Amino acid sequence: MDIIVAGHICLDIIPDWRIGSIKTIIPGHILEMSGLKLSTGGAVANTGITLKKLGIGTTLLGKIGSDSFGKVILEILQKEGKALVENMIISKDEISSYTIVLNPPDTDRVFLHYPGPNHTFNANDIPYEKIKSGRIFHFGYPPLMKKFYENAGEELVKIFRRVRKMNIITSLDMAMPDPESPAGKIDWYKFFKNVLPIVDIFMPSIDELLFMLRPEKYNKIIKNRYRFDLKLLNQLSEQLTDYGTSVVVIKLGNQGLYLRTHKIEKSNVSRIINPSQWNYRQLLSPCFATEVKGTTGTGDATIAGFLSQLLDGREPEKSITLATAVGACCVEAVDATGGIRPLPEVISRINSGWERLSLSIPMDNWKYDYQYKIWRGPEDQSR
Ligand SMILES: Nc1ncnc2c1ncn2[C@@H]1O[C@H](COP(=O)(O)OP(=O)(O)OP(=O)(O)O)[C@@H](O)[C@H]1O
Ligand SMILES: [Mg+2]
């Protein structure tokens with residue numbers, strides 16, 4: 001096993017709703033559905049299955065109940081490979097986490113989410129002995145997991161400290177907290193200050209970062225009065241590397257992927273990547289052009305692509321290019337992992353001249369690199 005993916009997992013229950021609007025939900029009435037799709041959701045399933053499909057040895061650490069939903073989750077995961085689920089955490093007395101996705105034809109989706117074991121998952125649930133041969137430990141979605149967002153992320157710190165002592169690289173992804181839940185109200189500055197010093201690779205999305213660290217800007221963005229720019233990305237990424245993370249990757253939706261690194265020498269991540277290639281980098285990789293069928297799991301897939309390249313000791317230009325390509329494969333299918341192909345296929349698609357989308361943010365004093373088709377920032381030290 002090379003990569004351990006831990007964190008949030010749930011069962012998505014998606015009725016096939018073809019006829020009737022959201023307004024037809026009336027107490028006492030029946031609405032006829034056309035079928036049902038069951039799929040696994042959350043960082044563990046999405047990033048984990050993507051890694052497996054890319055061809056990386058992966059083990060999943062999600063916490064589920066010993067109920068029927070838990071069995072369905074295991075069954076779905078096992079279809080991708082039996083070894084994937086060997087270390088899943090099964091809680092005796094809990095009901096598995098689920099999300100009922102109401103997807104009426106006339107409006108945006110509505111989610112009914114039950115967090116279940118995601119809220120009881122804690123540092124003692126991890127089978128440390130069984131994962132000691134792993135090289136990267138990736139954790140996804142603490143804002144959706146009570147024990148991991150409360151107390152400034154102290155429980156997450158416990159896990160990461162222990163995993164680091166085992167000479168494993170640590171990696172973290174966030175999620176958008178529910179503004180109405182306690183997670184919507186916590187002090188994320190405190191959380192980052194506490195957690196990021198022991199995170200080697202941090203890969204949030206721009207929306208999450210703005211919500212957590214620049215709420216006034218986030219409010220403007222959702223009202224369409226503002227769009228992020230390079231200055232803001234540089235400030236945010238510097239803040240995150242100042243907290244102690246050496247590799248920061250920010251997912252920018254249809255504007256691609258931003259990479260900022262600090263000094264890699266002597267950092268934990270220098271075990272797998274070459275400091276002379278990775279010190280003080282600043283790159284932006286635009287999206288690959290493709291037909292978008294659905295964006296579920298895009299962030300998770302992108303992360304899987306990036307980690308797969310670090311594991312191989314690839315340089316930053318290739319790592320973010322491949323990550324962006326895996327993100328694009330993901331949007332080509334309605335579900336989270338249906339579009340993912342093995343690594344060699346993704347690489348040959350890139351090499352055969354896959355078009356990139358043009359950016360709509362001004363690139364100021366950044367330079368375009370025609371070889372890689374990515375942008376280099378003014379502080380990119382390889383120029
Ligand atoms: N329309 C698109 N076409 C091609 N690539 C895309 C598109 N949208 C996103 N991507 C790629 O996928 C990456 C991740 O997407 P996004 O920024 O939406 O992540 P996220 O917000 O974490 O998503 P998620 O909703 O899965 O949590 C982007 O950085 C980009 O490279
Ligand atoms: Mg995400």
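Student: In this predicted model, which residues are the closest around ligand 1?

Tutor: The shell around ligand 1 holds 21 residues, and Ser205, Lys251, Cys287, Gly299 and Gly327 are the closest. Helix 10 (298-311) and helix 11 (316-331) are the elements that give two or more residues to that shell.

Student: What makes up the shell around ligand 1 by class?

Tutor: There are 12 polar, seven nonpolar and two charged residues. Gly counts as polar and Cys as nonpolar.

Student: Why are strand 5 and strand 14 said to stand at the edges?

Tutor: The open sheet has 11 strands in the order 5-4-1-8-9-10-11-12-13-15-14, with mixed pairing. Strand 5 (89-91) and strand 14 (367-369) each have a single partner strand, so one side of each lacks a neighbour in the sheet.

Student: How do you know that strand 14 and strand 15 pair?

Tutor: At least two bridges are required. Strand 14 and strand 15 (residues 374-376) have three, in the antiparallel sense, and aspartate 369 stands opposite isoleucine 374 in strand 15.

Student: What makes asparagine 151 partly exposed?

Tutor: Asparagine 151 has 14 C-beta neighbours inside 10 Å, so it counts as partly exposed. Asparagine 151 lies in the loop between helix 3 (146-149) and helix 4 (154-165).

Note on methods
Residues are numbered from 1 along each chain as its sequence is written. Chains are lettered from A and ligands numbered from 1 in the order in which they are written. This is a predicted model: local features need pLDDT of at least 70, side-chain atom pairs count only at pLDDT 80 or more; totals for chains, interfaces and linings use all residues. A residue is near a molecule or strand if its C-beta atom, placed from the backbone, lies within 6 Å of it. Helices (H or I, at least four residues) and strands (E, at least two) are DSSP runs, numbered from the N terminus. A residue is buried if 20 or more other C-beta atoms lie within 10 Å of its own, exposed if 12 or fewer, and partly exposed in between; C-beta atoms are placed from the backbone.
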